[in-house]
Amino acid sequence: MTKLKRVLISGASITGPTLTYWLHRYGFDVTIVEKSSALRRGGYGVDVRGAAISVLEQMGILDQVRAADTQMTGVYFVDSHGKMKGRISEASIGNQHGADIEVMRDDLTNILYKLTKDTTRYIWGDSITAIRETEEGTLVQFAHGQPQVFDLVIGADGLHSNVRSLVFGDEAQFKRSLGCYISIFSTHNYLKLNHCQHLFTTPGKTVGMYSARDNAEAKGLFIFQSRPLHYDRHNPDAQKQLISDAFSGHHGWETERLLHAMQDAQDFYFDEICQIHMPSWSKGRVTLVGDAAYGPSPLSGQGTSLALVGAYVLAGELHAAQGDYNQAFTKYEQEMRSFVEKNQKIGLVAAESMIESSNFKILLRNGMLRIPFLMKYMFNMVTKMITKAANGITLKGY
Ligand SMILES: Cc1cc2nc3c(=O)[nH]c(=O)nc-3n(C[C@H](O)[C@H](O)[C@H](O)COP(=O)(O)OP(=O)(O)OC[C@H]3O[C@@H](n4cnc5c(N)ncnc54)[C@H](O)[C@@H]3O)c2cc1C
């Protein structure tokens, strides 16, 4: 079996740079192609917990990532006048022992990029247009660059993966919609929130504000339930209009001001809340990793941990298989499959509980948050489920 050397990864967010770190450590020659012209900014805090902490530790960046922790203290539910109706402390949701990390998504991508930029060829502002297997390997064509041959191609290009569409077919076969849409964008911390998040919920809709970067800025949040919407994923203005329409007449709290702030945001992010379920993540010399293969949805809080662990396992199995990529891809799936399923389940449970469908449910939630023993019982259950899923894999040493 000839040694595999040349690997092309599509996507430079969390999964891509993590994978290139490990592949480089094992002697692979890696190129990453990213559609954006630079690292994409934006997003809320993302969680890293369980087995993923060990991946960061082995990469030597655990302290750096911990230093960037958002230090959030909790979530406050407010009514239409901004009056506090209930609170969930950070310690009560999944992070009782302080072991988990919450870090702004783009702080983490920056750390991963800096760690890998000198050992990886990053191509910005380009995208794969065709992938064809030949006798020598995989011939890849790009929208802008010259065609090149690689031994392997790996899609780390997120929920709407380009590699997945090119090699496995239409996204609709694999997407499981959770019935909601989400938007996140940066704004001023004009409410002077102090390391916390305020959420205003009405049936099927949530508006939020979250202090970020030591309260120096804030993130606005809109989540709404909807039937499937047909929109252009590359047209932020049309997406902003969808949100404005969804929240028109939704008076109260900071809705109007946040809708206004969203219009000027430079890092506006909008997507459907969905999961990716595939019967197999690999075909020939191509495989998928992270959200592209098994996105659990932002509501699960586990997308980043799955991405870090998936990249570690895939690189490790490629190293261990010494050139036999079929064997490596099979082992990668065997190691990851049940871990992925446990974590995707959290996304399904969260989707049912994070968007309240009626005023009665909102009242019930606020009432329950005022009964300490009930709260403790509920959060213990949730914490156990999250901790079990996040630790649901024993990492091999490769
Ligand atoms: C801007 C942004 C904001 C986010 N905000 C949150 C959040 O607030 N909370 C949360 O839980 N999760 C968020 N996510 C998702 C989160 O980053 C992932 O769930 C998780 O970290 C797994 O990361 P990933 O690298 O597999 O996928 P992603 O983080 O989605 O990254 C995919 C990367 O692939 C690139 N890409 C897409 N198409 C192509 C193409 N044709 N060619 C080359 N590159 C391509 C994208 O630009 C992106 O850089 C966000 C993702 C993005 C891109």
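Just past the end of α1, Gly27 adopts a positive phi of about 95 degrees. Keep in mind that this is a predicted model.

**Helix α1**
- The buried residues of α1 are Thr15, Gly16, Pro17, Thr18, Leu19, Thr20, Tyr21, Trp22 and Leu23.
- Their cover includes strands β1 (6-10), β2 and β11 (152-155), along with helices α4 (105-116) and α9.

**Around the ligand**
- The ligand has 31 residues around it, and the closest are Ser13, Gly43, Gly158, Gly290 and Gly303.
- Helix α9 gives the most, with three residues.
- By residue type, the shell splits into 14 polar, 11 nonpolar and six charged.

**The seven-stranded sheet**
- Seven strands make up an open sheet with mixed pairing, in the order β5-β4-β13-β14-β15-β12-β16.
- Strands β5 (84-89) and β16 (269-276) sit at the edges with a single partner strand each, so one side of each has no neighbour in the sheet.
- From one strand to the next, the twist averages 20 degrees.
- Within this sheet, β13 (residues 196-202) and β14 (residues 205-212) run antiparallel and pair over six bridges.
- If you want a spot to look at in that pair, His198 is opposite Met209 in β14.

Definitions and conventions: Residues numbered from 1 in each chain as written. Predicted model: local features only at pLDDT ≥ 70, side-chain atom pairs only at ≥ 80, totals over all residues. Near = placed C-beta within 6 Å. Helix = DSSP H or I, 4+ residues; strand = E, 2+ residues; numbered from the N terminus. Nonpolar A, V, L, I, M, F, W, Y, C, P; charged D, E, K, R; others polar. Pairing = 2+ DSSP bridges. Axes fitted to C-alpha atoms, helices over the stretch in contact; angles between N-to-C directions. Buried ≥ 20, exposed ≤ 12 C-beta atoms within 10 Å, placed from the backbone. Contact = placed C-beta atoms within 7 Å.
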